[in-house]
Amino acid sequence: SGGVDGERLRDRIAVELARARARTSLLTEVVDDADLTRQHSPLMSPLVWDLAHVGNQEELWLVRDVGGREPVRCDIDELYDAFRQPRRDRPALPLLPPAEARAYLATVRDKVHDLLDSVAFTERPLVADGFAFGMIVQHEQQHDETMLATHQLRSGPAVLHAPPPPEPSVRIGAEVLVPAGEFTMGTDTDPWALDNERPAHRVDLPAYAIDAAPVTNGQYAAFIADGGYSEQRWWSPPGWAHRVREQLSAPMHWRRDGDDWSYRRFGRWARVRADEPVVHVCWYEAQAYAAWAGKRLPTEAEWEKAARWDPTTGRSRRYPWGDDDPTEAHANLDQRHLWPAPVGAYPAGVSPLGVHQLIGDVWEWTSTAFGGHPGFTAFPYREYSEVFFGDDYRVLRGGSFGTDRSACRGTFRNWDYPIRRQIFSGFRCARDVRPDESYR
Ligand code: AVJ
Ligand code: FE
């Protein structure tokens, strides 16, 4: 539809497309062609694969599907189909060289701007509220975060630079008690929410306690110092088998530095800071820490109630701080900084219950296997999330310092294998509450 709202939506889409593309360009221009084409880890694609895949998805969904236009290139669809090409095999493919990939992205984007000028935001689900454009913005930003993780795995001198995150400005308690009762999980109304965030539904939870902040390096180092990695009793059977097989003894990228620890962040070694959230741990490590601490990981529903439920109104909000989009004061998002902020650095981002840093900093592992909310329907394609439902994947929530604000909400759901830790993953703990503990 035309009118003021249609124009405002067009402008917003153009801004979001441009922000995503600026980030993609940065991540792929700070390294040379050899570096773009190389595989830095068998877990990751060469950066030049992500680059052209971003353009190919934009062509498939916007140019061809929404726009009904002629293909830009139909000879490369198979090369950039993530399901046909496993990551470890991607470097051997006849990929577009960097200059060709960039030209392809530019051609596709020109056609998308042309389409955006004329598209009618009708009731058709793919275009209502600009959904397909929002999906493609989020897709590019998700691959940008993946490319950022590839940069973290890359060896060689630093090429990415950013100011450090803010210092703490408030002191934070250990945990928050959440009263028993129902809340609304998921959404029907967030226009760019993806299929797995829908529909909104009521969930009833017993009372529980949840950590007021993510588990820090200092807390995690105490687990290590207490022999956490050598005591089988803290680990689940598959977690212990994985720990032994991979000889895990600390988070990924950590090394001993006298009595302390250092870790490598984007090509620089830094002393591990005790008050920063721990990052680069797998689900099994998170679970073992929680057992050692006498706690457990939160369920996904517990995480979302702590993040969204407002006890005053009974409503669930879009973000811990309310319904407004994130600003720099709310959360460490958008790759503005290259590591998590110390606990207490985002008082404006606190939830009504008093839980801090739920959004940004580190993706938080939950105990929940990835599945559909009750009433789930795949949209617009089963391969976005439905094909991953089942016991193989665990849900992560909240986004990291490397997540863009367009791809992060109180309802946003990420997932990965429980052994993965090249992502920007951390966690917080929860525990059951005894009846006499509830309302002191
Ligand atoms: C939601 C981050 C698990 O990267 O595999 C990118 C996002 N889906 N292209 C992923 C995605 C298709 C997805 N995660
Ligand atoms: Fe993708």
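## Ala 213 and its surroundings

If the neighbours within four places in sequence are left aside, Ala 213 is in contact with Ile 172, Val 343, His 356, Gln 357 and Arg 428. The model in which these contacts are found is a predicted one, and within this model Ala 213 belongs to the loop that joins strand S4 (208–211) to helix H6 (217–225).

Leu 79 is placed in the loop between helix H3 (47–66) and helix H4 (98–118). With 17 C-beta neighbours inside 10 Å, Leu 79 counts as partly exposed, since that class lies between the limit of 20 or more for buried residues and the limit of 12 or fewer for exposed ones.

Apart from neighbours within four places in sequence, Leu 79 is in contact with Gln 85, Leu 93 and Leu 95. Between Leu 79 and Trp 49 there are 30 residues of separation in sequence, while the C-alpha to C-alpha separation in space is 8.8 Å.

## Three histidines from the record

Which residues does UniProt list under "binding site"? The record, which is an unreviewed entry, lists His 53, His 139 and His 143. They span 91 residues in sequence, yet no two of their C-alpha atoms are more than 10.0 Å apart, so these residues gather at one spot.

His 53 lies in helix H3 and is buried, with 24 other C-beta atoms within 10 Å. Once neighbours within four places in sequence are set aside, His 53 is in contact with Tyr 80, Ala 82 and His 143. His 139, by contrast, lies in helix H5 and counts as partly exposed, with 19 C-beta neighbours inside 10 Å.

## The shell around ligand 1

The residues around ligand 1 are His 139, Gln 142, His 143, Thr 146, Asn 414 and Trp 415. Two elements, helix H5 (131–153) and strand S10 (413–416), each give two or more residues to this shell, and the largest share, four residues, comes from H5.

When the shell around ligand 1 is sorted by class, five of its residues are polar and one is nonpolar, while no charged residues are found in it.

Definitions and conventions:
Residues are numbered from 1 along each chain as its sequence is written. Chains are lettered from A and ligands numbered from 1 in the order in which they are written. This is a predicted model: local features need pLDDT of at least 70, side-chain atom pairs count only at pLDDT 80 or more; totals for chains, interfaces and linings use all residues. A residue is near a molecule or strand if its C-beta atom, placed from the backbone, lies within 6 Å of it. Ala, Val, Leu, Ile, Met, Phe, Trp, Tyr, Cys and Pro count as nonpolar, Asp, Glu, Lys and Arg as charged, and the others, Gly among them, as polar. Two residues are in contact if their C-beta atoms, placed from the backbone, lie within 7 Å. UniProt positions are given in the numbering used here, feature names are shortened, and annotations may be inferred rather than shown by experiment.
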